[in-house]
Structures are given as structure tokens and as C-alpha cells.
Amino acid sequence: MIAEAGLFSLIIALFFSILLVILPSVGVIKNLSILQLTAGRYVFGQFLFIGIAYLCLTLCFLRDDFTVIYVLTNSSISLPWFYKFCAVWGGHEGSMLLWVAILSFWTLCVSQFSKHLAEEIRVRVLVILGALSAGFILFVITTSNPFLRQFQILHAHGRDLNPLLQDPGFLFHPPMLYMGYVGFAVAFSFAIATLWLGRVESAWVRWTRPWTLAAWCCLTTGITLGSWWAYRELGWGGWWFWDPVENASFMPWLVGTALIHSLVVNEQRGQFKAWSLLLAISAFSLSLIGTFLVRSGVLTSVHAFAVDPQRGLFILFFLLMVIGGSLLLFALRSQTLQTEKKLNSVSREGAMLLNNVFLFSAMATVLMGTVYPLLIDGLGLGKLSVGAPYFNTVFVPLMIPLFILMGLGAHLKWHSDCLKTVLLRLSGVAFFSILLPIGILFFCAKVINPSALLGLVLAFWILFTTLKAVWNKRQSRGLFHISQTYWGMVVAHCGVAATIIGIAVSTNYGMQEDVRVALGEQFNFAGFQFQFVKETNLKGPNYHGVQTQFKISSANRSVTIYPEKRIYNVGQMAMTESAIDVTPLRDVYVALGEPLDSYTWSVRLYYKPFVRWIWGGGVMILLGGLLALLDRRYYKT
Amino acid sequence: MKALHWRLAPFFIFLALVLVFWRGLALDPHHLPSTKVGQPLPSFQLTSFGETKRSSKSMLGHVSLLNVWASWCMACADEQAVLMRLAKQGVSIYGLNYKDSMDNAKEWLSEWGNPYQQIGEDVDGKVAINLGVYGAPETFLIDKNGIIRYRHVGALTMVIWEKEFAPLIQLLESVE
Amino acid sequence: MRSIFLLLALLINTAHAEVLYPLQTAKQEAQFKHLLADLRCLVCQNQDLADSNAGLAKDLRAEVYNRVKDGQSDSEIIQYLTERYGDFILFNPPMKGITVFLWFAPLIFLGVGFIIFWRRFR
């Protein structure tokens, strides 16, 4: 019954979203403001009924209703209740329902928090969001219905949630990611609404900014969480694999970052609005393309959902309509925007838009690498793989000039500046950015690794130039006159520096070993003393296995960690639960491999110095974004 | 008007991308074509259930199938009926027992039937690697001169036999 | 047997655990590590040979290990594998006719970006 109620609710929601598209549009065309004003009601109706549908699906999970196929394949009786709650988004159908729910939530937020907007823009934005909703709800109902039933298998126990997903990270990562992906739909809708209207209001930047920042913050969180979770969970010590699904989240993020910066240029100099419009369209387009890549089966991925080419066809068609339509609209309408007079390239706005060149090229490179095997196969030229080695080789050189630019940008004046003067002023900073890492690496590590050195030099460059810029501002204006947005920039850029340090040091000074260890054995690794202390049998709510105890000792500290090998009862899938000794400056990571003998295991050991700084940096970037988002200057009406 | 051309560029680039995606929907990213087609069968000498070693040279002179199978492979059981049928029709089928134990393999054959003219035990999987095998079951079509002509990955079905193997075999049989 | 091991362990306190794939020189170890990261596990979903526990991955790992131990070069080992499995097994696409565009794409994108930038500025 509940499942049927859920489906029925979803259908009602579809009607509301269709109403949201049609009636206010008629109001716009016929200039009937009364029709335009009804948009808010449909937004609420859509939100309410999608919410009910989502609640129904959650209830099916919590009540172990295995007559619902989706619950049967993603849950089990013995699954802990909080994982049942997460399992709702564990498969394709449920995660699409989550997508749709989050879209309706963002739409509601726009409806509620945009009362100060000019009505003509507001109604168009809501119509476009409604059109997107309608398309997605239709997709769910026709190709990805989570409420389908089966009555053959009665008294089922469920096929269990994929053990890889039975982890706390799963509670936060997908919702945050979707908040980001879907959040960019708002900026997208603002851009399309503007093009539809045919003119760019001067307040356009102020309207788009908060939504862009909010979505970007969510996506930053989602990506950081995903990386941390993969590191913890997968047992391979890696935190980024350039897997197609990861790339699908990274590309909108790169464009979102470019958009945040180009919006600043729009605000300060009133120009390049067309470029920001294109970026806003691109960010959400990449979210959609990502959805296609992940759910259509065209690419192999560790994260990919169960595939169905029919779904792929629907999404592709949807892509064509939405993105093709927007890009066409952009081509036809954006030239009605004001003509651009040429600006000075040596200026802060020049630096910020140059950063856009790098970020956009980076996104294009990632897209090219992800899609290339498909292209080659499609042309009948064979099968190719493009993996992490390729991306690492091309991505890093692309980022180096960007990082140098990051440091310069904050020191360049608006309008025009003299490059020589600025470089001269920063020569001291540059000198210390090179000297300090050499010294630090030499004293702490005895060996200077060139890659690590490069990373540290760039990180220190960003850190010192940013702090110097703050210092300069303090001198000229005093600390309290520095805007919150500026502090946001400072924190976010320092976060980037922290992430670079984390990557540079953990990659180049990290150690890894595959060893054979017997119970009771003591051994050394990375300057620590290890001992395989104990092995006990393990029984969990829906798994059984072995828990081992390893003692890690160093000069002043001793700690015990518990790596496990679990076999999940339903799927009989073996999973390694790695154990990590975490401190701010290093991780020591132990993952059980295969049992080689009685009480003897193959064990993978990692020593990862500064790896936490990668995600610490991500958190700082998020904080920077939040600071900029919550800058009250932008909300005074 | 020049401005319009530039502004249409993103649209056309996107269309190209959609074309690639659309073409991609018809492809299977998991399927790997064999690099060995058109190349001679790598020679090997394997024990056959403890008996004297059999050499791959014994496969020369006639068109034959080389079937990579194992007792632990579920899909191999699926195709066994098809292979038995083909063996009865007179097709020469050689079995490569992939990473298996002799006892398990013997038991499996007694349960599912033995369509193989000869069997080679590839215990460590080295011969299979030389053939470019990535997952059992796989079936290779080998011509009279020992050249690999076709490889099928996955359980062999009559449909695939009729469509892919039979025409090729007819062609190869007629050649001297 | 275990008690002897324990005794030995107690005596040789600075012992390192037995490495699964022992190699003579650091150069060989580095070669082994980077080859495993460059090679794809063919039966997995987008994993490399270093991280996969699939049967074929283990076999190929052993194969690469033996060849590294024998002193074969990267290109020899890669050639051995691509002869059998094609370019698909390489996560690092080789520089060939069909991959030229892939490898130069970043430069092309940057170039186009710079051109557009210059036209708008100065």
C-alpha cells in the first residue's frame, strides 16, 4: 500500500511540476501577472508530494517490505536501521528519487528566498526549475520506478546493501554531492531566465551569487567526503582514482569555481556577464552529463549503477533538449547583452579570468580523458583505457601556472597594474616560498623529493602571498574593514595550499609495503614497530569474519588498531575493513589482504604523512565558501 | 554575424559529444576483442589428467575449437550442453582446463559430460595468459594451420554458434 | 613452528616482515610499483593491478613481478602484456596515432583559451 501511495504521490508531483511550467509561462507570454504569481503554489505542491513519495520509499525500507523490488535488492532484514535509511539512495532508482527530492527542495528555497527579485525574473527561474523537475520525475516514473513490486519471492530476507556502502560515509556523501549537482540547477535557471528575458539586470550578479556559492559549498563537501571515504573504505590507501564517477563530480566543481571568480569580475567591473552565463549553463550541464555517464552503462566504473541503455537513451534525449536548448538560446540571445570594451589583462580581473582559462581547460581535459575510450571505440578504432596515470600527468602541469596565478591575483589592482612592480614586491615572498620548503624537507625528511618540493613551493607561495595581501589590507584599511568575502577568499586559498601540501607530502614521502605476517610476529615499517597481537572471530549484525589486533609503537606512543576481514552473510562478499592510526601529521594504515596460512595473513601497510591535510584543506575551502556566502553585505535589501 | 558563429561553437561541440554518447550506448565497455585473432596459436605442452603431456601441435591439420573452462566457473556449465551437442555433430573440441584441480575437473566432467577430444591442464593459468584469456569460459576457433580465427567470451550458445562460428568454419574447411 | 618464529622475532627485534614480492634494488621496487599502477585489472570495474584481488589480477601481478625480477624493462613487460590483451590493459595510453589528440588536448584547450583571452583583453 505504502509503495503505491508513493508512486501516486510522485505522479501528483509530476502534475504540479507541469502546472509550474505551463501556467506561469502563459502568464509571462500573455502578461497576466495573476498567473505568474501562482508559481509559488505549484512549487510547494511539487515539494510536498515528492517529499511524501520519498517518505514512502523510506518507510518501505524501514519496514522491510521486500515485495518492493528496490528494497529487496538493496536491503536485508539484518541490515542495521541507519543503513536501511541510507539504502534508499543505494541504487539507481532511489538515488534518482533523492535527486528529484533535492531539486524540489532547492526550488522551494528559491521560491521562498527570492521575494526581493524582480517578478519577471523570479517567475522565469521557477518555470525553468519546474521544467527540469518535470523531466526528472518523468524519467523516474517511466524508466526508474523505485516502487515496482514483485510477489514471487515471499518471506524474503533481502539481498542486502552492497557491503562497500555499509559505512558512515554513505550517510553524508551522496546527499551532499546531490545538493551540489542539483544546486547548480539554480544558477543555470537564473542564466536561462535572463536569456529568456533578453536583458541582464544589473542586480543579476547579486541574485545568482548566493545560489552558486551554496551549491559549490555542497559539492566541495561532497567531493571531500567522497575522497576521505574511499580512502577509509576501499583498503587501497588511495583517495582519488580519476574514476569516471569521480570525474563526473569534479568537472562541475571546476566550472563552479570558475563561475565564482567570474561573478566577482562581473560585480566589480560589470563586464563579461555573457561568460558567466555560459559558465552557469556549463556547470549544470556537466552535472547532467555526469548523470548520463554514470547511469547509462557507457563507461566502466567502480561506482556505476546498474545499467540500462533505455535509461541512457532517455537521459541523452533530456540532455539534448536541456543543454542543447540552453546553448542555442545562449548563442542567439547573449549578443543582445552589452558590448564589451577591452580591459587590461594585467589587473585583478585579468588574473581572475585567466584563472577561468585554466579551470575550464582543466575541465575540458578531464572530460576528454573520460570520454576518449568511448570515442575511440565508437569510431571502431579499438579498445583503450585512460586512467589515473594519464590524468595525473596532464592535470598537474595545468595546475602549476594556476597556483602561481592564485598568488599574484590578490596583489594585482583592479583596472590595471604594472606586472614588474608587483613581481618585484613579491620577490621576497617568492624567495621564502622556495627556501623554506627546501629547509623543511631537508631537516625533516633528509631527502628532498623534487615533486614534493614543487608542491610545497607552490603551497607556500599561495599561503604567503595570501597572508601578505591580508597584511597589506590591514595596513591600508585595518582588519575590521576587510570584508567577510575577502576572508572567505583567504581561508579558501589557504585551504588549497593545505591540500597541495597534503598531496605533495603523502604521495612522495609515503610508504607502502605488502607483507606476510604471522600471529605474534613483530616487524618494522616506516620507523614504527608493529606487532600482530591477536586474531579473533567476529560476528556482526549482518556479517561474520575475523578481527585482528595490531599494535603500533613508536618512541613516545603506542596504539592498537583492529583491521578486520568481513564476509557479509547474504552476498558472501568479502570486505576488508582497514584500520588507520590517525594523527594530524600522519596516518598509519593497515589493511588485511588474504589469509595465507593459519593465523598468517598478507597485509598491506601504508605510511601516509600529511594525508589528513588533503581533506583538512577541503574543509577550509568549504569554510571559505561559507564565509563568502554568509557575507551580510549581499543581503541588505 | 561573426559573433554568432563563435557563440554557436559550444552548441556544436555539445552536439558532437551527444553523438559520441549516442554511439556509446550501443557499445559494451566490458567486451574486449582478442589481439590473437589472425595469429598462430601459442604452442604449449600440458598434462592431461596426470597422463603424458599433450602438445598443441596435435591440434594442427583440422579446424577445431579450443574451449577454456573450469569446474569453478558457473557459466561453463551453461555451455556444456551446447558443446556436447557440437561434439556429437563431429566438431573437434579441445579443452583447456583453467586453474583447476584434477579431481574437481574429473568430477565436473562426469556430471556435465565430456565433449573434449583432448584436455590440457593449465594449472597456473600461464597458457591462458598467452592466449589473452581474461575470464572463463572462452572459446577459440582455430584453423588447419593453427591460426586463431575467432574468440568468443562467455558461454557459447547455439545462436552465437550459428551466427559467428558456423559460417567461419565452413569457410575454413573449404580452404586447403 | 610458531614458537620458533616467536623466538626468532624476539631475538631479531629489528626484523622487517616478509615482503610478498621481494625485489633486490629500490629501482626494481619502484618499477614494480609503477607498473602495477599503470596496468588495468581486466575483470574488475576500473581497478589497477595493485589494488585488485581478482584471480587474473593476482596472476598478472605475479607475471609482472617475475619479469621485473629478471630485469626486463618497462617497454618489454608492457609489450608482453599488450601482445596478449591489447592497449586496453594500459591505464597510461601509449603515444600512438589515435592517442595523439588525447595527449595534446590539454595544450590545445589552453591555446584556444589563451587566444580567446587575448582577444578580450588589452
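This section describes strand pairing, helix packing, chain contacts and domain division in a predicted model.

In chain A, strand 4 (residues 543–554) is paired with strand 3, strand 5 and strand 6. Strand 3 (residues 528–539) and strand 4 of chain A run antiparallel and are joined by ten bridges. Within this pairing, Glu535(A) has Thr548(A) of strand 4 as its bridge partner.

Strand 5 of chain A covers residues 557–561 and is antiparallel to strand 4 of chain A, to which five bridges join it. In this pairing, Arg557(A) of strand 5 lies opposite Ser554(A). Strand 4 of chain A is also joined by five bridges to strand 6 (residues 564–568) of chain A, again in the antiparallel sense. Here Tyr543(A) is bridged to Tyr568(A) of strand 6.

A separate description applies to the sheet that includes strands of chain A and chain C. This open sheet has five strands in the order 8(A)-9(A)-10(A)-1(A)-1(C), and the pairing is antiparallel. Its edges are formed by strand 8 (579–583) of chain A and strand 1 (18–19) of chain C, each of which pairs on one side only. The link between the chains within the sheet is made by strand 1 (residues 511–518) of chain A, which pairs with strand 1 of chain C over two bridges in the antiparallel sense. Val515(A) has Val19(C) as its bridge partner in strand 1 of chain C.

Contacts between chain A and chain C involve 47 residues of chain A and 40 residues of chain C. On the side of chain C that touches chain A, at least two residues each come from helix 1 (2–11), strand 1, helix 2 (26–38) and helix 5 (100–120) of chain C. Helix 5 of chain C makes the greatest contribution to that side, with nine residues. The residues of chain C on this side comprise 22 nonpolar, nine polar and nine charged. Chain C also meets chain B, through a contact of eleven residues of chain C with nine residues of chain B. The side of chain B that touches chain C consists of three nonpolar residues, five polar residues and one charged residue.

Chain C itself is divided into two parts, domain 1 spanning 23–91 and domain 2 spanning 96–122. A distance of 33 Å separates the C-alpha centres of domain 1 and domain 2 of chain C.

Helix packing was examined for one pair in chain A. Two packed helices are described by the angle between their axes and the distance between the axes. Helix 1 (residues 2–29) and helix 3 (residues 39–62) of chain A pack at about 160°, and their axes are 8 Å apart. Helix 1 of chain A is therefore roughly antiparallel to helix 3 of chain A. The crossing of helix 1 of chain A past helix 3 of chain A is left-handed. By class, the residues of the contact between helix 1 and helix 3 of chain A are 21 nonpolar and five polar, with no charged residues.

Methods. Residues numbered from 1 in each chain as written. Chains lettered and ligands numbered in written order. Predicted model: local features only at pLDDT ≥ 70, side-chain atom pairs only at ≥ 80, totals over all residues. Domains from an automatic or database assignment. Pairing = 2+ DSSP bridges. Helix = DSSP H or I, 4+ residues; strand = E, 2+ residues; numbered from the N terminus. Contact = placed C-beta atoms within 7 Å. Nonpolar A, V, L, I, M, F, W, Y, C, P; charged D, E, K, R; others polar. Axes fitted to C-alpha atoms, helices over the stretch in contact; angles between N-to-C directions. Parallel < 35°, antiparallel > 145°, perpendicular 65-115°, else oblique. Left-handed = near helix turned anticlockwise from the far one by under 90°.
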